[in-house]
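Me: Could you take me through this structure step by step? I have not seen it before.

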Amino acid sequence: MWSSGARALLCVWKVRFAGFPGRSLLSTNAASGKSKARQCWNCGSAGSVESGDGFFCEHCRALQPPDPTRDYFSLMNCHRSFKVDIVKLKHRYHQLQCLIHPDFFSQKSQTEKHLSEKHSALLNDAYKTLQAPLSRGLYLVRYFPAHLYVTPSV
Ligand SMILES: [Zn+2]
């Protein structure tokens, strides 16, 4: 698994990441893993968004905008590594879909509907990118090259 993936990576290295499937998710400070305290757009509570999974305000339970500093690995609760537990990834995907799928927001405000669509699109991108070894490797090369060269556990 690891060696065939690594070989695939060497091949794609030569094509200069043409047609890279992941969207530009990360802002410039994303790699540091830090994020500023966010304020709820609905009730104005500061910092209440940070606890929990960061999707909903703790005070008013309104869905919050996606955190632009969050990468796909963090979103999907995976280690930043080429080795990803696909079963856990799928479980996390379904877990998050149950939280943020637009169908659950049909009775909510336009803002929350719009936010749930954004979250859902992001989640689909993250899942697709991390699920396939090739796109996962490209994502690592692009955003976390240092994490590619960790010695795989035997
Ligand atoms: Zn709130």
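**A first look**

Reply: The protein has five helices and zero strands. From the N terminus on, its elements run α-α-α-α-α. Please keep in mind that this is a predicted model.

Me: What is the mean pLDDT of the protein, then?
Reply: The mean pLDDT is 79, and 68% of the residues reach 70 or more.

Me: And where is confidence lowest, and where is it highest?
Reply: Confidence is lowest in helix 1, with a mean of 44, and highest in helix 4, at 97. The pLDDT is below 50 over residues 1-25, a stretch that has 25 contacts in the model beyond near neighbours in sequence. Over residues 27-35 the pLDDT also stays under 50, and there the model has 10 contacts beyond four places in sequence. Where pLDDT is low, the predicted coordinates should not be read in detail.

Me: Understood. What share of the protein counts as buried?
Reply: Of its 154 residues, 19% count as buried.

Me: How many residues are in the largest nonpolar core?
Reply: That core has 19 residues. Those with the most contacts inside it are Tyr72, Met76, Leu123, Ala126, Tyr127 and Leu130. Two or more residues each come from helix 2 (72-75), helix 3 (86-100), helix 4 (110-131) and helix 5 (133-143).

Me: Which helix gives the largest share of this core?
Reply: Helix 4 does, with six residues. As a general point, nonpolar side chains tend to be buried together in soluble globular proteins.

Me: Let us turn to the helix pair at the end. How do the axes of helix 4 and helix 5 cross?
Reply: The two axes come within 5 Å and cross at roughly 105 degrees. Since angles of 65 to 115 degrees count as roughly perpendicular, helix 4 is roughly perpendicular to helix 5.

Me: Which residues meet there?
Reply: Lys128, Thr129 and Leu130 in helix 4 meet Ser135, Arg136 and Tyr139 in helix 5. By class, this contact has two nonpolar, two polar and two charged residues.

Me: New topic: the loops. Where is Val84?
Reply: Val84 lies in the loop between helix 2 and helix 3.

Me: What does Val84 contact, leaving aside its neighbours within four places in sequence?
Reply: Val84 is in contact with Cys78, Leu89, Leu130 and Arg136. Leu130 and Arg136 also belong to the meeting of helix 4 with helix 5.

Me: Is Val84 buried or partly exposed?
Reply: Val84 is partly exposed, because it has 17 other C-beta atoms within 10 Å, whereas a buried residue needs 20 or more.

Me: What about Asn77? Where is it, and what is its phi?
Reply: Asn77 is in the loop between helix 2 and helix 3. Its phi is positive, about 55 degrees, although Asn77 is not a glycine. With 14 C-beta neighbours inside 10 Å, Asn77 counts as partly exposed.

Me: And Arg61: which loop holds it?
Reply: Arg61 lies in the loop between helix 1 (2-14) and helix 2. Arg61 is not a glycine either, yet has a positive phi of about 65 degrees.

Me: Why does Arg61 count as exposed?
Reply: Arg61 is exposed because it has 11 other C-beta atoms within 10 Å, and the limit for an exposed residue is 12 or fewer.

Me: One last point: how many contacts in the protein join residues at least 24 apart?
Reply: Among contacts between residues at least 6 apart in sequence, 55% join residues at least 24 apart.

Key:
Residues are numbered from 1 along each chain as its sequence is written. This is a predicted model: local features need pLDDT of at least 70, side-chain atom pairs count only at pLDDT 80 or more; totals for chains, interfaces and linings use all residues. A nonpolar core is a set of buried Ala, Val, Leu, Ile, Met, Phe, Trp, Tyr and Cys residues joined through C-beta atoms within 7 Å. Helices (H or I, at least four residues) and strands (E, at least two) are DSSP runs, numbered from the N terminus. Axes are lines fitted to C-alpha atoms, for helices over the stretch in contact, and angles run from 0 to 180 degrees between N-to-C directions. Angles under 35 degrees count as roughly parallel, over 145 as roughly antiparallel, 65 to 115 as roughly perpendicular and the rest as oblique. Two residues are in contact if their C-beta atoms, placed from the backbone, lie within 7 Å. Ala, Val, Leu, Ile, Met, Phe, Trp, Tyr, Cys and Pro count as nonpolar, Asp, Glu, Lys and Arg as charged, and the others, Gly among them, as polar. pLDDT is the predictor's confidence in each residue, from 0 to 100.
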